[in-house]
Amino acid sequence: MTSASEDSKTSAILSSAFQAFATYGFRKTSMDDIAKGAGMSRPAVYLHFKNKEAIVRELTQFYYGEKTALVAEALSGDGTLPQLLEQAIQVQSRGMAEILASPHGLEMLDATKSMSTDIIQDGEAELTRLYADWLRREDAAGRAHLPVGPDEAAKTITASLKGIKMTASTAEEYEQSVSQLAALLGAALEVR
């Protein structure tokens, strides 16, 4: 079990690393940059993380943990199917525009993808499961029109969001595409 002090140090390191990666890029960020931003010494950072790659993996794990909780909360709220889906997609997408707006955003995404493939696969699978379970409940309650099964519809949702993230060249394009996707899928799945 970790103490609150250790948790706050880890949070400071992760926050500093994210800011440093956004400012300098993954390759040019040093452990000294991360330590300075966290208000710690470099050896103290090494007590928490072996290297920058370990920090990226922890950032990725944190990202998916946070997104999973936010999507689950959004899908369990009140509203119509299109409203709930839009809320879930918006909370899942929150923060990505910031990354894409960074001069080193694409480098950050590439580094994350190459160092955290297993975490990304598990995180995407969990998000897909959340959407599938929700669609299954909505379908059973007669509130969803599913032209395909809930598992396939959920895979389409998460794959589409992932595709937008990988192909958007600007933060504005990303936000616009996410909004369009939410509206399109909500309209397509709503019972008429």
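Before the views, a word on the model. This is a predicted model, in which local features need pLDDT of at least 70, side-chain atom pairs count only at pLDDT 80 or more, and totals for chains, interfaces and linings use all residues. Residues are numbered from 1 along each chain as its sequence is written, and side-chain values use heavy atoms, with hydrogens and water left out.

**View 1. The protein chain has 10 helices and zero strands.** Here helices (H or I, at least four residues) and strands (E, at least two) are DSSP runs, numbered from the N terminus. Along the sequence the pattern reads α-α-α-α-α-α-α-α-α-α. Taken along the principal axes, the C-alpha atoms fill a box of roughly 60 × 40 × 25 Å.

**View 2. Helix 4 meets helix 8.** The axes of helix 4 and helix 8 come within 9 Å and cross at roughly 5 degrees; axes are lines fitted to C-alpha atoms, for helices over the stretch in contact, and angles run from 0 to 180 degrees between N-to-C directions. Helix 4 brings residues including Arg 57, Tyr 64 and Leu 75 to the contact, while helix 8 brings, among them, Asp 118, Leu 127 and Trp 134; contact means heavy atoms within 4.5 Å. By class, this contact has 10 nonpolar, four polar and five charged residues. Ala, Val, Leu, Ile, Met, Phe, Trp, Tyr, Cys and Pro count as nonpolar, Asp, Glu, Lys and Arg as charged, and the others, Gly among them, as polar.

**View 3. Helix 9 meets helix 10.** The axes of helix 9 and helix 10 (residues 171-189) come within 9 Å and cross at roughly 160 degrees, so the two helices are roughly antiparallel. Their crossing is right-handed (right-handed if the near helix is turned clockwise from the far one by less than a right angle, left-handed if anticlockwise).

**View 4. The largest pocket has a volume of about 890 Å³.** On a 1 Å grid over the protein atoms alone, a pocket is an open set of points with protein on both sides within 12 Å along at least five of seven lines, a cavity is a set where a 1.4 Å probe fits but cannot get out, and lining residues have an atom within 4 Å of a point. Grid points are joined across faces, edges and corners, and a volume is the space filled by probe spheres set on the points. Of the 35 residues lining the pocket, Phe 18, Leu 59, Thr 60, Tyr 63 and Ile 99 lie nearest its centre. Helix 4 gives the most to this lining, with 10 residues. The lining divides into 16 nonpolar, 10 polar and nine charged residues.

**View 5. The largest cavity has a volume of about 80 Å³.** The count comes to one cavity of 30 Å³ or more. Lining the largest cavity are Tyr 63, Gln 92, Ser 93, Glu 124, Thr 158, Leu 161, Lys 162, Lys 165 and Tyr 174. Helix 9 supplies the largest share, four residues. By class, this lining has three nonpolar, three polar and three charged residues.

**View 6. Thr 10 sits in helix 1.** Not counting residues up to four places away in sequence, Thr 10 touches His 48 and Phe 49.

Notes: Parallel < 35°, antiparallel > 145°, perpendicular 65-115°, else oblique.
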